[in-house]
Amino acid sequence: MLRSLCRAGGALLQQSQRTAPKLWVTPVQQRWASSLPMNTVVLFVPQQEAWVVERMGRFHRILEPGLNFLIPVLDRIRYVQSLKEIVIDVPEQSSVSLDNVTLQIDGVLYLRIMDPFKASYGVEDPEYAVTQLAQTTMRSELGKLTLDKVFRERESLNSNIVHSINQASDDWGIRCLRYEIKDIHVPPRVKESMQMQVEAERKKRATVLESEGTRESAINVAEGCKQAQILASEGEKAEQINKASGEAQATIAVAEAKAKAIRMLSEALTEQNGNAAASLSVAEQYVSAFSKLAKESNTILLPSNTGDISGMVTQAMTIYSTLAKTTPKVAANASEEKSQYLHNQSEPTQ
């Protein structure tokens with residue numbers, strides 16, 4: 001009896017699917033699954049799929065992946081939901097930015113069914129609903145941004161669209177994973193103005209870079225001149241110091257040589273026949289001086305007795321003898337004055 005009942009139920013099920021498949025297979029099911037499986041009592045559900053079973057027209061349970069058993073005639077597989085990540089192309093649409101620029105924009109939506117029950121009974125067409133929600137959300141978010149920010153803030157725009165879609169699709173059992181903008185088309189005139197703006201910005205940056213290069217070059221040249229002047233002044237200073245030091249050393253050497261010559265001359269004069277040697281030296285200098293007359297200037301001053309060489313020598317020796325006699329007296333007077341000064345300074349102390 002049970003066997004005949006199962007056979008009758010299976011034949012009725014096959015006949016009903018052949019006669020009215022369109023009543024059981026809706027466009028929603030055709031999008032999310034290629035076909036609905038038939039109730040064969042013993043069913044094997046593939047991985048990452050959820051089969052929604054109705055018993056006598058009411059929701060009964062969701063078949064998990066693996067082996068499952070159903071009652072013929074009473075149980076029916078109503079929906080097959082894929083739990084994999086689904087990619088949906090969002091059609092191109094027009095939107096207006098904050099600065100009143102009309103844009104043509106499209107995108108790609110990535111979503112996944114989190115609750116097969118809500119995805120089956122919460123919305124009639126999940127794909128259409130999510131697509132329309134993505135388009136309206138995209139227009140709303142683009143209206144908050146200017147044209148320049150639309151290109152610069154794509155990531156924030158995508159995240160805002162995903163957040164808005166998830167807030168509305170929680171009741172549908174669908175979660176939006178990410179949204180990516182594919183292409184943004186601007187009007188031709190706006191595109192030309194953007195290109196002109198880019199060229200102007202590049203020219204501006206080139207001009208700024210050139211002016212900065214000129215400034216740096218001028219600064220480097222001025223700094224080089226400054227360093228050159230400093231080094232030149234330091235070199236001149238060192239040269240002058242070395243020259244002064246050399247002149248001082250030369251003066252000291254000349255003075256020492258002259259002092260040595262005078263000592264030797266004084267020693268020679270104290271020896272025997274020293275006066276005769278001095279007279280000879282004076283006579284030689286006298287003749288040498290007369291030989292240089294009128295060589296450096298046209299003005300000549302001559303003594304009255306130029307021919308009397310012996311008289312001139314005698315006069316020079318007389319002056320020398322007088323100075324020689326006066327020098328010891330002056331030295332003696334100086335020593336007496338110094339001793340008298342010291343004696344006067346010591347008396348108040350006593």
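Q: In what sense do strand E6 and strand E7 pair, and over how many bridges?

A: Strand E6 (residues 86-96) and strand E7 (residues 102-113) are antiparallel partners, and their pairing runs over nine bridges. Within this pairing, Val-90 stands opposite Gly-107 in E7. The hairpin of E6 and E7 has five residues between the strands, and there Asn-100 takes a positive phi near 60°. For reading side chains along such elements, the general idea is that in a regular strand the side chains alternate between the two faces of the sheet.

Q: Where else does a positive phi occur in a residue that is not a glycine?

A: Met-56, although not a glycine, has a positive phi of about 55°, and this residue lies in the loop between strand E2 (49-55) and strand E3 (58-63). With a relative accessible area of 63%, Met-56 is exposed. Val-73 is another case, with a phi near 70°, and Val-73 lies in the loop between strand E4 (66-69) and strand E5 (75-82). Val-73 counts as exposed because its relative accessibility is 51%, where the cut-off is over 50%.

Q: Which residues of the largest nonpolar core touch the most other members?

A: The largest nonpolar core has 29 residues, of which Leu-103, Leu-109, Leu-111, Met-138, Ile-165, Trp-172 and Tyr-179 touch the most other members. Two or more residues are given to this core by each of E6, E7, H5, helix H6 (147-152), helix H7 (154-168) and strand E8 (174-185). The largest share of this core comes from H5, which supplies six residues. Another core lies apart from it and has nine residues, among them Leu-43, Val-45, Leu-63 and Val-80.

Q: Which residues is Tyr-179 in contact with, leaving aside neighbours within four places in sequence?

A: Beyond those neighbours, Tyr-179 is in contact with Val-90, Asp-106, Gly-107, Val-108, Leu-109, Ala-134, Met-138, Asn-158, Ile-161 and Val-162.

Q: Which residues of H7 are buried, and what do they pack against?

A: In H7 the buried residues are Leu-157, Asn-158, Ile-161, Val-162, Ile-165 and Asn-166. These residues cover an arc of only 165° around the axis, which puts them on the same side of H7. The elements against which the buried residues of H7 pack are E7, H5 and E8. As for its length, H7 has 15 residues and reaches 22 Å from its first C-alpha to its last, close to the 21 Å expected at 1.5 Å a residue.

Q: How exposed is Ser-159, and how far apart are Ser-159 and Arg-178 in space?

A: Ser-159 lies in helix H7 and is partly exposed, with a relative accessible area of 41%. Ser-159 and Arg-178 are 19 residues apart in sequence, while their C-alpha atoms are 7.3 Å apart in space.

Q: What does the protein chain average in pLDDT, and where does pLDDT fall below 50?

A: Where pLDDT is low, the predicted coordinates should not be read in detail. The protein chain averages a pLDDT of 77, and 68% of the residues score at least 70. Over residues 1-6 the pLDDT is below 50, and this stretch has zero contacts in the model beyond near neighbours in sequence. Over residues 8-34 pLDDT also stays under 50, although for this stretch the model has 34 contacts beyond four places in sequence.

Methods
Residues numbered from 1 in each chain as written. Predicted model: local features only at pLDDT ≥ 70, side-chain atom pairs only at ≥ 80, totals over all residues. Heavy atoms only, no water. Pairing = 2+ DSSP bridges. Helix = DSSP H or I, 4+ residues; strand = E, 2+ residues; numbered from the N terminus. Core = buried A, V, L, I, M, F, W, Y, C linked by side-chain atoms within 4.5 Å. Buried < 20%, exposed > 50% of the residue type's maximum accessible area, 1.4 Å probe, protein only. Contact = heavy atoms within 4.5 Å. pLDDT = per-residue confidence, 0-100. Expected span 1.5 Å × (residues − 1). Arc of directions from axis to C-beta.
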